[in-house]
Every structure is written in C-alpha cells, then in structure tokens.
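Hello,

Here is the structure I promised to hand over. Please load it first, then read on for what turned up in it.

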Amino acid sequence: MRERLKVNIQSEIGRLEGVILHPPGPEVENMTPDTAQRALYSDILNLSIAQKEYEQLYGVLKRYTQVFEIRELLTRVLEKPHARERLLGKICISEGLPHYFDQLVQMETQELARRLITGIAARKKSLTEFMSDDYYALAPLYNFYFTRDASVSLGNNVVICRMANKVREREALIMEAIFKDSGCFESGIINLNEIHSSQSNICMEGGDLLVAREDIILIGNGVRTSTKAIDELTASLCKRGEPGKKHIIVQELPHSPESFIHLDMVFTLLDRDKCMIFEPVIMNNRYRTVLITIENGKVERICSVKNLPDILARLGMELETIICGGTEDVWNQEREQWHSGANFFALAPGKVLSYARNVHTLEELSKHGFQQLSAKEVASGSKNIEDYARCVVTIEGSELPRGGGGARCMTMPVRRSAVEWK
C-alpha cells in the first residue's frame, strides 16, 4: 500500500508530484441525442477516438509523476463497510433513490465502483418507474473525466465543490469519500456542500479556482461559480486564521457562450513570469476584477482593480501575457478559445500540456521560447521535457475538446513542489 500523500498545492506551476485522473469510459457514450443536453454536452463523443487521445495525456503524466485513478480510489472506499454505507446513503438521498440503497450496498465492490460511474438502469418495478422515460436510475457520470471540477486542492486542503448542475452532484460526493476514506491522502477538507445546503445560488467548480502563489488565489465568477460560494470559501479561509496576508482575486466571466464556463478557459499560468490569456475577456473592462484582502483571518478590504495581469503585477507577480489564438486575428482567438486554447496544465515551471489543434496559440508560444513536443514522444521517452527550458507537450485533440475542456480540466493535482520565485 502506498504511503498517504500529503496534499500540498501552493501554485499552478510547481513541479507535479501527484495527480488524480479518470480515463473516459462507457459513461461518455451512455447517452442519446435526447439526453446529451441534460448531460451538458452539445454532441455525443466518439469514445474510441477520445480514449486514444486521452491515452496520450495519461502516458505523459504516468511517465512524469504519481498518478491516482478515481475508479481505483473509489474501490478502496467501497471496500470499507462503513465508508460504503455512508457514501451510498448520501448518493441515494441526493438522487431521490432511498429504495435502491439495499441493492447497491449488496453489490460486489468492483462492480459497484464501475456502475456508480457508468450508470445503473432503472428497475421499472413501480408504475412511476414504468411510465418514466428515463432509462437510468443513477445516470452515468458523463463529465467525470474532467476531474478538476468536483474538487480542487488549495494549499493543504481539498475543496469539495458544489456543482452547478444536479447531473454532476455525485462526482463531488465520490471525491469527498475518496479524500476521507480511501486512505491515500492526508488533507484538510472544505466541503461547500455542507454550507447552507438549501440555497441553490451557492455553486463553485474547480475550473474556477487557480492557486497563483501561496498567498494569491484566483477565482472565476460566472455560470458555474457564484458570488455566494466565493463568500463562503472566503469565510472558511478566514476561520482557519492563518497569519499574514492572503489575496483572493475574483474575475467576472461572461455567462455565454458555454466555452467561458470556467476561469481556466480564459486564463492559465505557464511559468513564473508567463500566462496564457483570452484577451477579449481578461483585458475587457466590461468584466469586473475584484481584490479581496484577508489579513490575520479577517477580510480587510474589497476593491475593484484594473484586470488580472495588472493586479498580479502589483502583488509582485509580473507576468508576460501570451494571447490565445495569436495577436493577428480575433476570429482565430475565438475559434481556438472555443477548443480550450487557453486551458494549459503545467508539469513544472515553463513545461505545459495542451491540444495540438490550436495552431495559432502554439505559434504564439513558440515566439515566447516554448519548444513544441508531441505527447507520444514524451510518453515513449524519445523526448525528455527536462532537456528544454520551456516546452509545450501537445495532445491530439479532435474528440476530447468537444467535451468542453482541456488539459487542466482533465487533471486534479494533489501535490506540487515549491516554486523558487525570481
């Protein structure tokens, strides 16, 4: 058995030492055109192609760091009778299925772990069930390969997120159980689902939380993360009473189109001194940027600021902005942002993962000293990212981006090494 890993995320770019993944499986295809919209998809993915693309991401991360898989972690939870009953009880209450508890609790552990993700068909043993058009009692977790959303590491804590859509609520329940009961991690837990549970206007997802530096947290405020949830997280951080100053920078996001659902779709960190931005949102004063300063466990100040790069510079993080889609054509910016062109995931300072399809973004990166490597080269060992001062490792992406996310969305880091800031 692996030693418990102590969760520690103090930046977006520190060398990666542990990450949680969930390779897409049958749940991705267990939908019809009628249910796709409810599943938060605009189309049905070709699973075999999506899996081949995901294997490239997985191969790079497996070579580079310690990888934990959700299904294996969930199996560990379900092997413990009390943990199994606690999780299944929460799921059955959440999804209005108390009469399924006995069936679920008696299932073989591996099969239960699989079916909690891929879905469980309705029994059709009552008139209500028979007349329902729903095939599933427990719907498949279509979006779970975006492991970033249901939980996010924040320092030595894990925030269990409160999902904006009911169809994703089980993801958060599973992640809570993993951090409490799998025995693989040591961390504090901030569970937003335990706060004012009757209020529907509290929601927060991990794609909206970025740890810029030990003392700076960035949070997107849009369709998936509400101001009420940000207030609750701020209050939770204040209760911990950590000495010194902390800064929460809130970036307002457009509510449409759907490609703007999270902050990491328009802003990600690449290196100690570089970031990727979707310029029409980040540099547009239509969308407010607000600084919340916490000192010694109290909110000392809330004020409007110019924009994200400007306030980060004022706080000592001078970042060169690299433009998603390049600087020459707004259409290229819009097209590539739509396919997660601003959504980068750092393996280490200056060494990042992205999709190969966003060619104008990659050209812009090359102008700033990033060597382009393919995921296949890195996963096979024919290219070593340590040989490059800066590099971008590219994943083929025809199907995965159609799910609505990029490399950062598909990864939930649990530990990074400290960054030596210049």
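**Starting with a serine**

Ser340 sits in the loop between α12 (330-338) and β18 (345-348). Helices (H or I, at least four residues) and strands (E, at least two) are DSSP runs, numbered from the N terminus. Ser340 is not a glycine, yet its phi is positive, about 65°. Most residues other than glycine have a negative phi. Is Ser340 buried or exposed? Ser340 is buried, at 0% relative accessible area. Buried means under 20% relative accessible area, exposed over 50%, and partly exposed in between (1.4 Å probe, protein chains only).

Asn296 is another non-glycine residue with positive phi, here near 50°. Its loop runs between β15 (289-295) and β16 (298-305).

**Ground rules**

This is a predicted model: local features need pLDDT of at least 70, side-chain atom pairs count only at pLDDT 80 or more, and totals for chains, interfaces and linings use all residues. Residues are numbered from 1 along each chain as its sequence is written, and side-chain values use heavy atoms, with hydrogens and water left out.

**The chain as a whole**

The protein chain has 14 helices and 22 strands. Its radius of gyration is 21 Å, close to the 22 Å that the globule rule gives for 422 residues, so the chain is as compact as a globular protein of that length. That radius is taken over C-alpha atoms, and the rule is 2.2 Å times the number of residues to the power 0.38. Along the principal axes, the C-alpha atoms fill a box of roughly 60 × 50 × 45 Å.

Of the 422 residues, 57% are buried. Take the contacts with a separation of 6 or more: 73% of them join residues 24 or more positions apart. Contact means heavy atoms within 4.5 Å.

The chain exposes about 17900 Å², and carbon and sulfur atoms supply 47% of that area. The areas come from the Shrake-Rupley method with a 1.4 Å probe; for residues, only the protein chains shown count as cover.

On charge, there are 52 positive and 57 negative side chains. The centres of the two sets lie 3 Å apart. Lys and Arg count as positive, Asp and Glu as negative; His and the chain ends are not counted. Each charge is placed at NZ of Lys, CZ of Arg, CG of Asp or CD of Glu.

**Cores**

The largest nonpolar core holds 65 residues. Ile20, Leu104, Phe179, Phe185, Leu233 and Val414 touch the most other members. Helix α8 (residues 169-181) gives the most to this core: seven residues. A nonpolar core is a set of buried Ala, Val, Leu, Ile, Met, Phe, Trp, Tyr and Cys residues joined through side-chain atoms within 4.5 Å.

What does Leu233 touch, leaving out residues up to four places away in sequence? Its partners are Leu154, Val159, Ile190, Leu192, Met204, Leu209 and Ile219. Another core of 41 residues lies apart from the largest one, with Ala212, Ile323, Ala342 and Val392 among its members.

**Buried strand positions**

Gly220 is in strand β11 (residues 216-221). Gly220 is buried, at 0% relative accessible area. Beyond four places in sequence, Gly220 touches Asp208, Thr225, Ile230, Gln251, Leu253 and Leu263. Tyr287 is 67 residues from Gly220 in sequence, and 11 Å from it C-alpha to C-alpha.

Thr289 belongs to strand β15. At 2% relative accessibility, Thr289 is buried. Its contacts, again not counting residues up to four places away, include Ile249, Val250, Gln251 and Cys303. Cys92 is 197 residues from Thr289 along the chain, with 40 Å between their C-alpha atoms.

**Exposed positions**

Ala418 is in the segment after β22 (412-416). Ala418 is exposed, at 75% relative accessibility. Where does Gln10 lie relative to Ala418? The two are 408 residues apart along the chain, but their C-alpha atoms are separated by 7.1 Å.

Pro98 lies in the loop between α4 (81-94) and α5 (101-105). Pro98 is also exposed, at 59% relative accessibility. Leu88 is ten residues away from Pro98 in sequence and 9.4 Å away, C-alpha to C-alpha.

Best regards
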